[in-house]
Amino acid sequence: MKTNTMFRYPVALTIAGSDSGGGAGIQADLKTFSALGVFGASVITSITAQNTTGVRGIQAVSPEIVEGQIDAVFEDITVDAVKIGMLHNREAAGIVACAIDRFSLSKVILDPVMISTSGSKLMEDETIEVIVNELFPKVMLVTPNIDEAAFLSGMPIRNEEEMEKAAQELLARGCRSVLMKGGHLEGSERADILYMKDSAPLRLVVPAVQTQNTHGTGCTLSSAIAAYMALGKGLPDAVSLAKEYVTAALEAGADVQTGHGHGPMNH
Ligand code: PLP
């Protein structure tokens, strides 16, 4: 029955690339928002022709349309949290940085997507400078994996000690907090560690799930963090809950075959 009392769902926005294979990017983000009870809006920055075996092509969306999508969403819908994923070129990165100021966005999670699991470059080299100089200081959290963190900090990362040094370097370069994803480190116990400017690090041990179905893990983690923030959680809680969500999705998808390469998780 229709009543006169209107209510609104928490809303999260993803600004990212499309994955035609459905496992990563915008498709994974919207699925995650939905599964966690958050309404999802999307700004598509680039379109990839891709499946579980790899990326075949990338077409950047024009800067005007990236900006147009952002304006259309914010001029109409109240957005509670934002996740930023694939930003292929410097124009898109610059537009997003301006939008954070223009719309006074505070709960913003940045996944600095550089190379896909299948080895394709998803970001042009000149974009990196804009990400570091203009986006790092404006977002609440950056979520690099080990390879991205090593590249962005200019430091090798082979163990947790080096992970901490690289995180401190990224904090010194303007990040307010950094979630270092240690899943790719060697060794039996791997941890994701959340480093914040003014509090002690939060160490989240990662149970190793034996599966090749890992496509979209990073996208899903950052969008789950944004979803939990849209639901009102603080950063450490949002990160812990998002980690649990991804682990459950990896376990549920371990034996599912979708395609012939690195399949998606099940969530
Ligand atoms: N394709 C798109 C459009 C993405 O946004 C991402 C996200 O990180 C990827 C591919 C990479 O996903 P993965 O490294 O999990 O294969």
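In which sense, left-handed or right-handed, does α5 pass α6? The crossing is left-handed, meaning that the near helix is turned anticlockwise from the far one by less than a right angle.

This is a predicted model, where local features need pLDDT of at least 70, side-chain atom pairs count only at pLDDT 80 or more, and totals for chains, interfaces and linings use all residues. Residues are numbered from 1 along each chain as its sequence is written. Helices (H or I, at least four residues) and strands (E, at least two) are DSSP runs, numbered from the N terminus.

| Helix pair | Residues | Axes come within | Crossing angle |
|---|---|---|---|
| α5 and α6 | 146-153 and 160-172 | 9 Å | roughly 55 degrees |

The axes are lines fitted to C-alpha atoms over the stretch in contact, with angles from 0 to 180 degrees between N-to-C directions. On the α5 side, Ala149, Ala150, Leu152 and Ser153 make the contact, and they meet Ala166, Glu169 and Leu170 of α6. Contact here puts C-beta atoms, placed from the backbone, within 7 Å.

Now for helix α4, which spans residues 127-135 and has Thr127, Val130, Ile131 and Leu135 as its buried residues. Buried takes 20 or more other C-beta atoms within 10 Å of a residue's own, exposed 12 or fewer, and partly exposed is in between; C-beta atoms are placed from the backbone. Down the α4 axis, the buried residues fall within an arc of 100 degrees, so they line one face of the helix. That arc is taken from the directions from the helix axis to the C-beta atoms. Their cover includes α3 (90-102) and β5 (108-110).

Between α3 and β5 there's a loop, and Ser104 lies in it. Ser104 is exposed, with 7 other C-beta atoms within 10 Å. Its phi is near 45 degrees, a positive value in a residue other than glycine. Most residues other than glycine have a negative phi.

Key
Contact = placed C-beta atoms within 7 Å.
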